[in-house]
Amino acid sequence: MVQSLRPACLPALLALFAACGHRDCDPPPPPPAPNPVSILIEVYDPVTNLALPGVRVRVIDAYQEWAGLYYQSPFQDVFVTDAFGQVFFDEYLLAWQDVGFREDANGRALVFPSVGEDQASVLVEIDADGSPPLFYEIELSWGQPDVAVGLPYP
């Protein structure tokens with residue numbers, strides 16, 4: 001009796017093993033992870049095209065697509081450009097500015113991959129003695145979370 005079932009079961013077992021090789025049996029890929037964001041700002045003189053050290057840069061606010069709101073920074077923190085005319089706002093410093101970025105458990109500012117959560121913009125003020133302040137809006141997205149911008153001043 002056992003031998004008579006073996007030929008009948010073999011095609012069923014082969015079909016079962018073949019079906020598991022099909023895409024429907026594969027586990028779904030993990031969802032894309034959120035990306036930490038950062039902004040490298042270089043301030044330069046548009047006439048000479050030289051970097052400007054000693055210029056003050058401040059985060060004013062940020063628009064967060066996930067909330068549909070502008071979040072004004074409660075701080076007046078001022079960062080001064082280095083000898084290369086640069087200020088770097090990494091994911092921790094952007095989170096520290098408290099402008100509405102969603103954060104992970106490590107305190108990093110993030111943008112998420114899903115529509116409606118994948119974009120943000122940060123408004124910065126550039127200021128130096130003897131010149132009026134200028135304001136620039138810097139766009140961030142999940143596809144481009146690390147941005148380097150050159151901003152002319154004055």
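Student: Where does aspartate 118 lie?
Tutor: Aspartate 118 is in the loop between strand 8 (109-111) and strand 9 (119-128). Strands here are DSSP runs of E with at least two residues, helices are runs of H or I with at least four, and both are numbered from the N terminus. Before we go on: this is a predicted model, where local features need pLDDT of at least 70, side-chain atom pairs count only at pLDDT 80 or more, and totals for chains, interfaces and linings use all residues. Residues are numbered from 1 along each chain as its sequence is written, and side-chain values use heavy atoms, with hydrogens and water left out.

Student: What makes serine 73 count as buried?
Tutor: Buried means under 20% relative accessible area, exposed means over 50%, and partly exposed is in between (1.4 Å probe, protein chains only). Serine 73 has 5% relative accessibility, so it counts as buried. Serine 73 sits in the loop between strand 4 (69-72) and strand 5 (79-80).

Student: What does the side chain of serine 73 reach?
Tutor: It reaches the backbone nitrogen of phenylalanine 75 at 3.2 Å. A polar contact is a pair of N or O atoms within 3.5 Å; within protein, one must be able to donate a hydrogen and the other to accept it, and residues adjacent in sequence count only if both atoms are side-chain atoms.

Student: Back to aspartate 118: how do you know that it has no salt bridge?
Tutor: A salt bridge needs a side-chain nitrogen of Lys or Arg within 4 Å of a carboxyl oxygen of Asp or Glu. For charge, Lys and Arg count as positive and Asp and Glu as negative, while His and the chain ends are not counted. The nearest side chain of opposite charge to aspartate 118 is arginine 102, 10 Å away, and aspartate 118 is buried.

Student: Which residues is aspartate 118 in contact with?
Tutor: Leaving aside neighbours within four places in sequence, its contacts (heavy atoms within 4.5 Å) include Glu65, Phe112 and Trp142.

Student: Why are strand 1 and strand 7 at the edges of their sheet?
Tutor: That open sheet has three strands in the order 1-8-7, paired antiparallel. Strand 1 (35-36) and strand 7 (102-103) each have a single partner strand, so one side of each is left without a neighbour in the sheet. Two strands pair if DSSP finds at least two bridges between them, and two bridges join strand 7 to strand 8. In that pair, arginine 102 stands opposite leucine 110.

Student: How many bridges does strand 3 share with strand 4?
Tutor: Four, in the antiparallel sense. Tyrosine 63 stands opposite tyrosine 70 in strand 4. This hairpin has four residues between the strands, and glycine 68 takes a positive phi near 70° there.

Student: Which label does asparagine 49 get, buried or exposed?
Tutor: Exposed, because its relative accessible area is 58%. Asparagine 49 also has a positive phi, near 65°, in a residue other than glycine.

Student: And why is aspartate 98 called partly exposed?
Tutor: Its relative accessibility is 43%, so it falls in that middle class. Aspartate 98 likewise has a positive phi, about 55°, although it is not a glycine.

Student: What joins tyrosine 153 and proline 154?
Tutor: A cis peptide bond, with omega about -5°. Proline 154 is in the segment after strand 11 (146-152).
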